[in-house]
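Subject: Structure handover

Hello,

Here is the structure I promised to pass on.

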Amino acid sequence: MPARVRELRRRRVKAYDGPSPAATEAQHARRKLTVRERLDILLDPGSFNEIETLRTHRATGFGMADRKPPGDGVVIGWGTIEGRTVFVHAHDFRVFGGSLGEAHAQKIHKIMDLAESTGAPLIGLNDGAGARIQEGVTALAGYGGIFRRNVRMSGVVPQISVMLGPCAGGAAYSPALTDFVFMVRDISQMFVTGPDVVHAVTGEQVSHDELGGADVHSGTGVATFVHDDEESCLLDVRYLVSLLPSNNQQPPPTFKASDPADRRTDALAELVPVEPGRAYDMRDVVAELVDDGEYIELHETWATNVVCALARIDGTTVGVVANQPSSLAGVLDIASAEKAARFVQTCDAFNIALVTLVDVPGFLPGTDQEHNGLIRHGAKLLYAYCAATVPRVQVILRKAYGGAYIVMDSRSIGADLSFAWPTNEIAVMGAEGAANVVFRKEIAAAADPEATRASRIAEYRERLVHPYYAAEHGLVDDVIEPGETRATVARALAMLRTKRASLPHTKHGNPPL
């Protein structure tokens with residue numbers, strides 16, 4: 001027995017250490033951590049339980065018979081993040097460049113099935129060169145099994161992809177099917193066809209980073225979060241997990257808040273200008289509203305005219321959707337509608353209440369938007385809100401005009417509670433535009449058109465755009481002081497915590513994809 005235990009330990013050490021010291025040095029030379037160094041940062045100390053450590057591939061052609069490293073280039077297992085179980089699969093780039101073959105894929109299938117059956121988050125640390133060419137179609141079939149499981153698990157357990165190296169071809173579609181994608185500058189790349197193929201087909205010369213680097217995908221909406229180094233990236237994965245429930249049958253984690261739920265937010269009156277045309281940074285409003293000013297913003301540099309963030313209010317996770325007046329005046333357009341729709345669906349899937357902060361002048365006008373399907377894309381956000389069954393609270397800060405007001409979780413599409421500041425302007429359009437339409441002929445025929453226009457603008461504003469019109473007609477539940485916002489929202493969310501929704505039987509909806 002002692003001899004056999006020594007042999008087991010020798011095999012384990014070989015698997016843990018990787019193929020050679022030179023391979024580890026090469027990984028570090030690329031400014032990349034090894035697979036186990038990454039797991040040490042991601043997981044609670046000593047919590048990782050590895051399985052199928054000694055598995056090898058069965059391929060025999062192209063010299064593969066003589067190269068059978070233990071683990072086959074992927075490490076799988078489970079551990080904990082802040083005491084909660086998570087499942088992990090992580091490429092080892094030192095082994096076959098992290099490429100996926102039959103055994104490699106079956107290991108990932110195994111851990112995905114365990115995550116689904118036990119109801120725990122799945123985290124993939126991606127650092128692989130794609131399908132293993134020496135194994136042919138079996139590698140491609142392995143990807144198919146991963147994709148099928150990604151879709152089956154969608155909305156069941158949180159799926160997080162962390163890009164820590166190249167991800168090319170079909171391999172890029174698994175991260176695209178998951179809930180959150182992290183990328184690291186200079187070391188992460190994602191593309192369907194690489195630079196060589198692009199050059200062969202189009203003649204275009206482009207580097208890996210220029211084609212699919214982190215900064216590229218922070219602007220395409222592929223990357224949810226972008227970081228400068230692996231350590232900060234993995235620490236943010238831990239923070240994200242702390243905000244999410246383990247599965248769709250559980251509420252998000254609740255922590256004892258040190259920030260009082262009834263804390264006044266009088267600073268909001270100074271942060272948000274009364275004048276509807278003046279810009280400000282909505283992120284300052286979010287920071288003032290949430291616990292301890294802490295939140296994590298998704299897609300920070302994509303579709304910047306809407307802010308989507310996860311935070312806590314009174315210790316419980318909430319999703320915040322907010323127009324951003326400092327970017328395109330906070331209008332909704334194709335990209336921002338898609339960004340917000342995806343976020344609303346994610347929050348709804350995982351029982352995360354939604355707080356919508358409204359300051360929207362409308363949809364972005366123009367032939368470019370219309371010709372590229374603004375109607376269809378804008379309908380995605382409308383569909384997402386209408387389908388959401390989680391607690392939904394709307395706060396109207398200033399402008400709320402036209403269809404954009406409806407889409408931003410108005411009472412008419414199912415918001416549970418709507419509150420407005422005394423600066424709110426809820427109307428079909430601004431008073432200036434409305435007067436120009438309604439009184440066009442009168443203004444044109446007037447002896448003093450400008451004076452007539454000013455008079456009619458004031459009349460329209462007094463009758464329909466004053467801050468209490470919506471409250472008088474039951475379209476907002478209360479008009480509140482800016483300083484009361486946090487306390488009002490916290491009380492509303494506490495009351496709505498036991499909300500139950502009854503939906504008609506359906507296989508699934510048919511959203512405007």
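What share of the contacts in the protein chain with a separation of 6 or more comes from residues 24 or more positions apart? The figure is 73%. Keep in mind that this is a predicted model.

**Overall picture**

The protein chain has 513 residues, and 52% of them are buried. Its secondary structure comes to 21 helices and 17 strands. The C-alpha trace spans about 100 × 55 × 45 Å along its principal axes. The accessible surface is about 23,000 Å². Carbon and sulfur atoms hold 55% of that surface.

On charge, there are 52 positive and 63 negative side chains. The centres of these two sets are 9 Å apart.

**Salt bridges**

The count is 34 salt bridges. Three of them are described here.

Start with R132 and D72. Their closest N and O atoms are 2.9 Å apart. This pair links distant parts of the chain, 60 residues apart. R132 sits in the loop between β4 (122–126) and α5 (137–153). D72 sits in the loop between β1 (49–51) and β2 (74–81). Are these two residues buried or exposed? Both R132 and D72 are buried.

Next come R152 and D113. Their side chains meet in a salt bridge at 3.2 Å, N to O. R152 lies in helix α5 and D113 in helix α4 (residues 102–118), so the bridge ties together parts that are 39 residues apart in sequence. R152 has a relative accessible area of 37%, which makes it partly exposed. D113 is partly exposed too, at 29%.

E288 belongs to helix α12 (residues 282–289). R263 is in the loop between α10 (230–243) and α11 (268–271). The pair therefore ties together parts that are 25 residues apart in sequence. R263 counts as partly exposed, with 21% relative accessibility. The cut-off for buried is under 20%.

**Aromatic pairs**

There are three aromatic pairs. One of them is Y143 with F147, and it is stacked. The ring centres are 6.0 Å apart, with 20° between the planes. That angle counts as stacked because the planes are under 30 degrees apart. Both residues lie in helix α5. They are four residues apart there, so about one helical turn separates them. Y143 is buried, with a relative accessible area of 11%. F147 is partly exposed, at 21% relative accessibility.

T34 is in the loop between α2 (21–29) and α3 (35–42). Is T34 buried or exposed? Its relative accessibility is 7%, so T34 counts as buried. T34 touches T24, Q27, H28 and R94.

A322 lies in strand β12 (residues 316–323). Its relative accessibility is 0%, so A322 counts as buried. What does A322 touch? Its contacts are M282, N305, V306, V307 and L357. A322 and V286 are 36 residues apart along the chain. Their C-alpha atoms are separated by 8.4 Å.

C386 is part of helix α15 (residues 374–387). At 45% relative accessibility, C386 counts as partly exposed. C386 touches R392 and I413. The C-alpha atoms of C386 and G414 are separated by 6.3 Å. Along the chain, C386 and G414 are 28 residues apart.

Best regards

Notes: Residues numbered from 1 in each chain as written. Predicted model: local features only at pLDDT ≥ 70, side-chain atom pairs only at ≥ 80, totals over all residues. Heavy atoms only, no water. Salt bridge = Lys/Arg side-chain N within 4 Å of Asp/Glu carboxyl O. Helix = DSSP H or I, 4+ residues; strand = E, 2+ residues; numbered from the N terminus. Buried < 20%, exposed > 50% of the residue type's maximum accessible area, 1.4 Å probe, protein only. Contact = heavy atoms within 4.5 Å. Areas by Shrake-Rupley, 256 points an atom, 1.4 Å probe, with all protein chains shown as cover. Lys, Arg positive; Asp, Glu negative; His and termini not counted. Charge placed at Lys NZ, Arg CZ, Asp CG, Glu CD. Phe/Tyr/Trp six-rings, centres within 6.5 Å; stacked < 30°, edge-to-face > 60°. Lists of a residue's contacts leave out its neighbours within four places in sequence.
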